[in-house]
Amino acid sequence: MKDLFEVLHIVSAVFLIGPLAILPMTALRALRDGQGTLVRYLARTTAIVAWLSLLVAVFGFGLMAFEEDLTFTTPWFLASIIVYSLAITIALSFVVPLLNKAAGQLGDGKLAMDYRTTAVLSGLTTLLLIVVAVLMVWRPGT
């Protein structure tokens with residue numbers, strides 16, 4: 001059963017966290033090219049993948065049940081939960097709405113959004129997801 005949770009955790013991380021890190025950057029490219037419909041589609045896809053990425057956490061918690069020396073107070077584990085929560089919050093609360101707003105503005109023929117803010121928040125989300133991956137592999141202190 002442990003192997004099943006480990007496989008589900010890793011596969012879901014690859015196929016959900018990976019796209020979550022890349023989709024906003026792709027949307028920014030579409031935004032630069034003036035493709036409002038594509039930006040809206042990528043914003044919606046980013047939101048869906050962000051919500052689905054909660055499965056990675058669920059499988060991780062399931063895997064945790066098989067680890068005797070791992071608790072919620074284990075420093076690297078607690079840090080990864082906090083950093084992941086921050087990444088998902090930024091993606092859903094800021095990146096997706098900013099991309100939707102930009103797509104709407106492109107549809108109206110104008111673009112008055114703060115591209116730099118969207119790019120920085122997208123990059124920060126990706127950086128935070130990388131930190132989580134490093135913590136999962138490195139497990140400092142163990």
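Let's start with a term: a residue is called buried under 20% relative accessible area, exposed over 50%, and partly exposed in between, using a 1.4 Å probe and protein chains only. Asp33, at 48%, is therefore partly exposed.

Hello everyone! This is a predicted model, where local features need pLDDT of at least 70, side-chain atom pairs count only at pLDDT 80 or more, and totals for chains, interfaces and linings use all residues. Residues are numbered from 1 along each chain as its sequence is written, and side-chain values use heavy atoms, with hydrogens and water left out.

How many salt bridges does a search of the whole structure find? There are two, a salt bridge being a side-chain nitrogen of Lys or Arg within 4 Å of a carboxyl oxygen of Asp or Glu. One joins Arg29 to Asp33, with 3.7 Å between the closest N and O atoms. Another joins Glu67 and Lys2 at 3.4 Å, N to O. That pair links distant parts of the chain, 65 residues apart: Lys2 sits in helix H1, and Glu67 in the loop between helix H3 (54-64) and helix H4 (75-107). Helices here are DSSP runs (H or I, at least four residues), numbered from the N terminus. Glu67 counts as buried, at 18% relative accessibility, whereas Lys2 is partly exposed at 34%.

Now look at H1 and H2, residues 36-52. Their axes, lines fitted to C-alpha atoms over the stretch in contact, with angles from 0 to 180 degrees between N-to-C directions, come within 9 Å and cross at roughly 165°. So the two helices are roughly antiparallel, the word for angles over 145 degrees.

How values were computed:
Parallel < 35°, antiparallel > 145°, perpendicular 65-115°, else oblique.
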